[in-house]
Amino acid sequence: MRLSTVILPIHRWAEGQKIWRRAEDLGFHAAYTYDHLSWRSFRDGPWFGAIPTLTAAATVTHRIRLGTLVTSPNFRHPVTLAKELISLDDISGGRITLGIGAGGSGFDATALGQEAWTPRERADRFGEFVPLLDRLLTEDAVTQQGTHYSAVEARNIPGCVQRPRLPFAVAATGPRGLKLAARYGQAWVTTGDPKLYETGTPEQSVEALREQSKKLAAACAEVGRDASELDRILLTGFTPDRNAPMQSVDAFVDFAGRHAELGFTEIAVHAPIPDSDFAIDPAVYERIATEAPAQLA
């Protein structure tokens, strides 16, 4: 079980760089950030771009993996995103993981002036986005005509430092997204069942995650892939447990152990943010980072 963190891009870099450096010093496996234009209760406050933030983080860290949880097609195009990712992978020395999902109906969905896509439209676009991005990151030149996304002699030389490309961590719970995870992912990401967040119980959440894992295994079998080849990442804070696992080292080890039994190989916790849903004790957060991994080994 690997332990990672999520650092929201809300800090001016003079302060933000200290948080990214500290994540590496604490021994986290990876530090991720959200790739949104704005997000929920943070909409009216500072919020910086994910790719520039990760680029800056790559220059002040040396070992920790970096990435998005998650990028989506809501305001991205595969051709421009591929160019940025290849550059970021190079700057970081091959430490980038691309968390990628279908997107949602939040602020990103309409920020460019478009109508919010229906769930089916999001799935259709995601189904084109991921395969095209895979080609763009593995081939020197790509021409492809799609319904939603196209590329014409798109050049990406010299390609990624990581070969054949940087890893995809595909966020998915539905059948089409899980099939993309099975075919293109090096990892699968979930936040649990959102329907249980308000009124569900931790026990119900574990059962829902167990069912999601079974569906992932079935999707892998359908495309002829061994499901054990995929890492499984749980992004915390969105299950009925909420922040309860972050109240003590023992509480976190119990939570992580229950999910390790489901096959999860990585858990991502949010860095503390006062007066927010992620308002946890910084001292406990640091103790979890430094003490919990040995207990989960």
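1. A definition comes first. A helix axis here is a line fitted to C-alpha atoms over the stretch in contact, and angles between axes run from 0 to 180 degrees between N-to-C directions. The structure itself is a predicted model.

2. Take helices H5 and H6 with that in mind. Their axes come within 8 Å and cross at roughly 60°. That makes H5 oblique to H6, because an angle counts as roughly parallel under 35 degrees and as roughly perpendicular from 65 to 115. The crossing of H5 past H6 is right-handed.

3. Which residues make this contact? From H5 come Leu 178, Lys 179, Ala 181 and Ala 182. From H6 come Lys 215, Leu 216, Ala 219, Cys 220 and Glu 222. By class, the contact of H5 with H6 holds 6 nonpolar and 3 charged residues, with no polar ones.

4. The largest pocket has a volume of about 1,400 Å³. Its lining counts 47 residues, and the closest to the centre are Arg 40, Gly 103, Gly 104, Thr 191 and Pro 194. Several elements give two or more residues to this lining: strand S3 (65-71), helix H4 (119-138), helix H5 (175-184), strand S8 (187-190) and helix H6 (202-222). H4 gives the largest share, with 5 residues.

5. Arg 40 is not a glycine, yet its phi is positive, at about 45°. Its place is the loop between strand S2 (30-33) and helix H2 (50-60).

6. The second largest pocket holds about 210 Å³ of space. Of its 16 lining residues, Ile 19, Arg 22, Ala 271, Pro 272 and Tyr 285 are the closest to the centre. Strand S1 (2-6), helix H1 (13-25) and helix H8 (282-296) each supply at least two residues of this lining. The lining of the second largest pocket divides into 12 nonpolar, 2 polar and 2 charged residues.

7. How many cavities of 30 Å³ or more are there? The count comes to 1. The largest cavity has about 90 Å³ of space. Its lining includes Thr 236, Gly 237, Arg 242, Asn 243, Pro 245 and Met 246. Phe 252, Phe 255, Val 269, His 270, Phe 278 and Ile 280 line the largest cavity as well. Helix H7 (249-260) and strand S10 (266-270) are the elements that give two or more residues to this lining. By class, the lining of the largest cavity has 7 nonpolar residues, 4 polar and 1 charged.

8. The bond from Leu 69 to Val 70 is cis, with omega near -5°.

9. Where does Pro 158 lie? Its position is in the loop between strand S6 (151-155) and strand S7 (168-171).

Definitions and conventions
Residues numbered from 1 in each chain as written. Predicted model: local features only at pLDDT ≥ 70, side-chain atom pairs only at ≥ 80, totals over all residues. Heavy atoms only, no water. 1 Å grid on protein atoms, 1.4 Å probe; cavity = no way out; pocket = protein on both sides within 12 Å on 5 of 7 lines; lining within 4 Å. Points joined across faces, edges and corners; volume = space filled by probe spheres on them. Helix = DSSP H or I, 4+ residues; strand = E, 2+ residues; numbered from the N terminus. Nonpolar A, V, L, I, M, F, W, Y, C, P; charged D, E, K, R; others polar. Parallel < 35°, antiparallel > 145°, perpendicular 65-115°, else oblique. Left-handed = near helix turned anticlockwise from the far one by under 90°. Contact = heavy atoms within 4.5 Å.
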